[in-house]
Amino acid sequence: IYFLLLTLITASVSYGQVLAEDFDYGVTGGDLTTVSGGAWVQHSGSTGPVAYVAAPTSLTMTGYPSSGVGGHATYSGTSQDVNRSFAEISTGTVYASALVNLSAVGSGNYFMHFNSGGFRARVGAQDDGNGDILFGIGSSSSTLTYGTTPYSLNTTYLLVFSYEIATGISNLHVLSAVTPTEPTMPEATNTGSTGTSISAIAFRQSSNIPAVAVDGVRVATTWNEIMNNSTVPSISIVTPSDGNVFNPGTTNVDITFTTQNIDLMVAGNQVNITVDANATDADATSPYGVTTTDGGMYNVTVELLENSTVVDTKMVSFSVSSITQVATITDL
């Protein structure tokens, strides 16, 4: 019993690789929030969507695990901001990486960051005055610290940025080739607010951002996990977030999920979903609809099976509020 308890505790604090986004959404382009099936969601703005450029148009870098898969995303406007969520990380250092290719750059602004609120590790770019690019980072402020190395337009670079939760330190590395160990000197560093848990990665549109193509987004808690592919099958619940409370009148809630490192077309590989004590739905697909009523509370278990054996399990709980009818103002 003590061994099992220790195993569960260790699993709960060992995050490793938490996201690998290869933008592999098929051969039809469009609004990223639509073609991704809800994996990417809008958190501000309305027009000028972040676009998915259909496969096969992936950005590439030799040796990078998320190179040459599917299509890519692109944006350069001033409106829609989108994010993709993942399991919350509340301790240590959070790393993210992305292949980027800038075709134009302006006077400077940030275009990528952690979280859809309480922005952390804001990555930006500006013209160096000679038509080249300077990359920069702000830990929690819109005022970025820029590096001094000029980088070229229309060239693919690997950006690796991080946020150390306890100290508020954010570092940015700009790589032209995969590096197995973290360089001692970042291209730029900045210190800001501490103690913010990280649960999403976001693309931001605003004035003076570059025209950017982005691909191969990865999130992990170590540099090694960024640079190496995990082969362990896993499943992630994208929506809803745990503890979400929906408005009265909600009659259906979609459970959206993604899988990694598994082929669900192989017999015995599948996703099973159980809602409360109801019968398990085998071989479920995303999105999976849960019928809801006012005042209801729902506990959903999502299991990933490989060769008919459970290899990963995630859970999410949510509820629907109810309206209390009163007869008089005094009762109200």
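## Aromatic pairs

The predicted model contains 13 aromatic pairs, where rings of Phe, Tyr and Trp (its six-membered ring) pair if their centres lie within 6.5 Å, and planes under 30 degrees apart count as stacked, over 60 as edge-to-face and the rest as tilted. One of them is stacked: F23 and F203, at 6.3 Å centre to centre with 25° between the planes. This pair links distant parts of the chain, 180 residues apart, with F23 in the loop between β1 (17–21) and β2 (30–31) and F203 in strand β15 (residues 198–203). Helices (H or I, at least four residues) and strands (E, at least two) are DSSP runs, numbered from the N terminus. F23 counts as buried because its relative accessibility is 0%, and F203 is buried with a relative accessible area of 0%. Buried means under 20% relative accessible area, exposed over 50%, and partly exposed in between (1.4 Å probe, protein chains only).

Y95 and W223 form an edge-to-face pair, 6.3 Å centre to centre and 90° between the planes. Y95 lies in strand β7 and W223 in helix α3 (residues 223–227), so the pair ties together parts that are 128 residues apart in sequence. Both Y95 and W223 are buried. One aromatic cluster is formed by F23, W40, Y75 and F203.

## A charge over a ring

The charged end of R204 sits over the ring of Y110, 3.8 Å from the ring centre. The criterion is that NZ of Lys or CZ of Arg is within 6 Å of the ring centre and within 35 degrees of the ring normal.

## Strand β7 and its partners

Strand β7 (residues 93–104) is largely enclosed by the rest of the structure, because nine of its 12 residues are buried. β7 pairs with strand β12 (residues 156–164) in the antiparallel sense over nine bridges; two strands pair if DSSP finds at least two bridges between them. In this pairing T93 stands opposite E164 in β12.

β7 is also joined by eight bridges to strand β16 (residues 211–220), and these two run antiparallel. Here L102 stands opposite V212 in β16.

## The open sheet

Four strands form an open sheet with mixed pairing, in the order β18-β23-β22-β20. The edges are β18 (244–246) and β20 (270–275), each with a single partner strand, so one side of each is left without a neighbour in the sheet. From one strand to the next the twist averages 30°, with axes taken as lines fitted to C-alpha atoms, for helices over the stretch in contact, and angles running from 0 to 180 degrees between N-to-C directions.

Within this sheet, strand β22 (residues 297–306) and strand β23 (residues 309–320) pair in the antiparallel sense over 10 bridges. Y298 stands opposite F318 in β23.

## S236

S236 is placed in strand β17 (residues 234–239) and counts as partly exposed because its relative accessibility is 22%. Not counting residues up to four places away in sequence, S236 touches T256, F257, T258 and Q260 (contact means heavy atoms within 4.5 Å). The C-alpha atoms of S236 and S199 are separated by 12 Å, the two residues being 37 apart along the chain.

## Confidence and conventions

The chain has a mean pLDDT of 91, and 95% of its residues reach 70 or more; pLDDT is the predictor's confidence in each residue, from 0 to 100. Over residues 1–14 pLDDT stays under 50, and for this stretch the model has zero contacts beyond four places in sequence.

In this predicted model, local features need pLDDT of at least 70 and side-chain atom pairs count only at pLDDT 80 or more, while totals for chains, interfaces and linings use all residues. Residues are numbered from 1 along each chain as its sequence is written, and side-chain values use heavy atoms, with hydrogens and water left out.
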